[in-house]
Amino acid sequence: MSIKLSPLSLSTGLISAVMFLPILALLYEAFSSVLSVGPEVADDAFKNIAETVLLDYIINSFLIVTVTLLFACLFSLAPAWWCAQYEFKGRRWLQWLMVFPLAIPAYISAYIYTDLLDYAGPIQSWLRSVFGWQSPADYWFVDMRTITGASFVLALALYPYLYLLLRNNFAKQSNHLAQASSLLGATRYRTFWRIRFPLARPALAIGCTLIAMETLADFGTVHLFAINTLTTAIYDSWLVYGSLSAAAKISCILLFAVVSLVYLERLQRRRQRHYELNGHHRPKRHAATARQTVFIWLVCALIIALGFVLPVVTLLNYTLQYWEINWQQDLFAHIQNTFLLAATAAAIATIFALLLNVNQRFHPSQHNKAKLAVSSVGYAIPGTVLAIGVLIPLGALDIGLNRWLDSLNWQRVGLIFSGTSFALVLAFVIRFAAIANGSVSSTYAQLPINLDHASRMLHAGRLTTFRKIHIPLLTPAMMSAFLLVFIECVKELSASLLLRPFDFQTLATYTYQYASDEQLEQGALSALLIIIVSILPLLFLSKTQKLD
């Protein structure tokens with residue numbers, strides 16, 4: 001009982017409760033009006049949406065997820081196989097270059113591709129001048145402002161999740177079953193689809209689940225393409241219709257979709273069984289011929305060019321052409337806002353992760369393990385949904401505080417929780433705490449428990465053990481956790497749009513403002529800053545994670 005009532009246990013319990021609060025707030029807000037006044041009179045805004053366009057929003061969301069997954073598999077499956085199973089010149093460089101498109105926010109690529117491929121863009125203008133076409137009726141050209149176009153852009157930004165998982169899986173597969181297949185007369189092509197690919201199904205399921213979750217959470221791309229999805233419906237319900245209850249109800253629908261994806265992925269892995277003898281036979285890569293090497297580089301270079309090189313070169317060109325517009329005093333204020341918010345949230349998330357993992361280390365139990373799991377649930381919640389979930393309790397807290405001050409005849413303090421950057425910091429911490437938890441937990445798992453026993457035999461207390469043994473060994477993991485959370489906070493758009501205070505901009509909202517106004521040229525420098533900051537963890541991983 002004394003362990004449960006210790007300050008560490010109480011503080012970790014409070015942390016996990018705060019992390020889970022947005023989900024409870026969403027459920028309460030979504031169903032309280034129905035239970036209190038009856039479904040026939042509850043929330044006219046949601047009723048209108050449900051009777052008119054909600055089904056279209058759900059169908060559009062499903063289609064975008066499906067097509068994005070198809071494109072992501074197309075971009076990642078073959079390169080992952082080549083980098084894992086073939087030895088060719090430049091392979092070590094190529095396998096990391098394939099990850100670089102992850103640094104490009106999808107809404108930035110969306111604007112660039114629409115600008116290039118629209119009717120008034122440079123490509124169609126050049127085609128009309130060459131062939132003498134006068135109107136769109138004279139020729140056919142791809143339309144980017146469609147579900148297929150949005151899915152293509154999203155897949156370019158998200159396929160590295162699937163590529164990395166598949167590449168690691170293919171690289172670790174034993175050659176025993178493949179050799180047996182070859183002895184039975186099967187070709188390499190048949191062996192891949194009957195043996196190699198089924199063995200990679202767990203990695204495929206996890207990667208597709210991550211991409212589907214990120215696609216459902218996307219707001220910038222679909223809003224830029226004027227495609228109505230559940231995410232845009234949440235945004236419009238709150239900022240256009242002014243109905244927090246309708247936004248909460250739609251958020252619950254989207255949250256149910258995300259939870260269903262996670263459940264299906266885990267169910268698929270639980271049902272799968274395969275048995276493989278690893279032994280000491282490391283899979284050997286096949287030496288690629290000169291023709292194969294050229295083909296591999298051409299295909300992968302095309303993907304890298306579409307996903308990373310083209311957006312970066314375009315932004316550099318915009319920045320140089322519109323340097324005076326990009327280089328303005330307001331940009332420095334937005335940089336300061338972004339980095340201060342991101343650093344604060346990253347520091348808090350890292351400290352929370354440290355407390356939760358230390359509690360589990362010193363007091364291992366299912367209860368404390370559940371606290372860790374609950375504190376990581378925010379990463380599965382789309383940013384727009386999380387913003388509504390944070391806004392509900394903070395808004396109620398502000399209202400209650402001001403009413404209490406009125407009862408004391410004191411001056412009101414205004415919206416100090418929901419109307420300030422406090423809401424943004426809280427949303428960032430809840431959203432990305434899972435990243436910090438994962439980094440610290442993985443390092444703690446590698447620290448032998450014998451270190452703690454030896455410290456105890458030397459009559460050192462838990463605080464001394466933590467300070468003199470754990471902290472030095474955990475410092476690299478904490479730095480990594482801080483850096484990764486910082487980067488994600490800099491890139492976060494959906495929650496920032498809904499929760500930012502009046503006349504307050506981050507680099508993401510500042511860039512998106514120009515993109516949505518079809519003027520990204522004036523925000524190109526801020527977009528480049530986001531990309532540069534986002535590349536840092538990729539460079540860090542390329543130095544620390546030595547891929548064979």
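Residues are numbered from 1 along each chain as its sequence is written, and side-chain values use heavy atoms, with hydrogens and water left out. Because the model is predicted, local features require pLDDT of at least 70 and side-chain atom pairs count only at pLDDT 80 or more, whereas totals for chains, interfaces and linings use all residues.

The secondary structure comprises 24 helices and 2 strands, taken as DSSP runs numbered from the N terminus (helices, H or I, at least four residues; strands, E, at least two). Of the 548 residues in the protein, 50% are buried; buried denotes under 20% relative accessible area, exposed over 50%, and partly exposed the range in between (1.4 Å probe, protein chains only). The accessible surface comes to about 27,300 Å², and carbon and sulfur atoms account for 66% of this area. Among contacts (heavy atoms within 4.5 Å) with a separation of 6 or more, 81% join residues 24 or more positions apart.

The largest nonpolar core contains 161 residues, and Leu166, Phe170, Leu315 and Ile388 have the most contacts inside it. Such a core is a set of buried Ala, Val, Leu, Ile, Met, Phe, Trp, Tyr and Cys residues joined through side-chain atoms within 4.5 Å. Helix α7 (residues 147-172) provides the largest share of this core, with 15 residues. Apart from neighbours within four places in sequence, Leu315 is in contact with Ile108, Ile112, Leu520, Ala524, Ala527, Leu528 and Ile531.

Two further core residues, Leu166 and Phe170, are contacted by Ala200, which also touches Asn169 and Gln173 when neighbours within four places in sequence are left aside. Ala200 is found in the loop between α9 (188-199) and α10 and is buried, with a relative accessible area of 1%. The C-alpha atoms of Ala200 and Phe170 are separated by 6.9 Å, although the two residues are 30 residues apart along the chain.

Ile388 is among the contacts of Ser251; the others, with neighbours within four places in sequence left aside, are Leu26, Ile234 and Val385. Ser251 belongs to helix α13 (residues 244-271) and is buried at a relative accessible area of 0%. Its contact Ile234 is one of the buried residues of α12, along with Leu230, Thr231, Thr232, Ala233, Tyr235, Asp236 and Ser237. Helix α12 (residues 230-239) is thus mostly covered, with 8 of its 10 residues buried.

The whole structure holds 4 cavities of 30 Å³ or more. A cavity is a set of points, on a 1 Å grid over the protein atoms alone, where a 1.4 Å probe fits but cannot get out; lining residues have an atom within 4 Å of a point. Grid points are joined across faces, edges and corners, and a volume is the space filled by probe spheres set on the points. The largest cavity has a volume of about 460 Å³. It is lined by 23 residues, of which Ala106, Leu158, Glu214, Asp218 and Lys491 are the closest to its centre. Two or more lining residues come from each of α5 (106-117), α7, α10 (201-217), α19 (421-446) and α21 (462-491).

For Cys208, the nearest cysteine sulfur is that of Cys73, 4.2 Å away; Cys208 is buried, with a relative accessible area of 17%. The sulfur of Cys300 is too far for a bond, because the closest cysteine sulfur, in Cys83, is 5.5 Å away. Cys300 is likewise buried, at 0% relative accessibility.

Technical notes. Disulfide = S-S within 2.5 Å. Areas by Shrake-Rupley, 256 points an atom, 1.4 Å probe, with all protein chains shown as cover. 1 Å grid on protein atoms, 1.4 Å probe; cavity = no way out; pocket = protein on both sides within 12 Å on 5 of 7 lines; lining within 4 Å.
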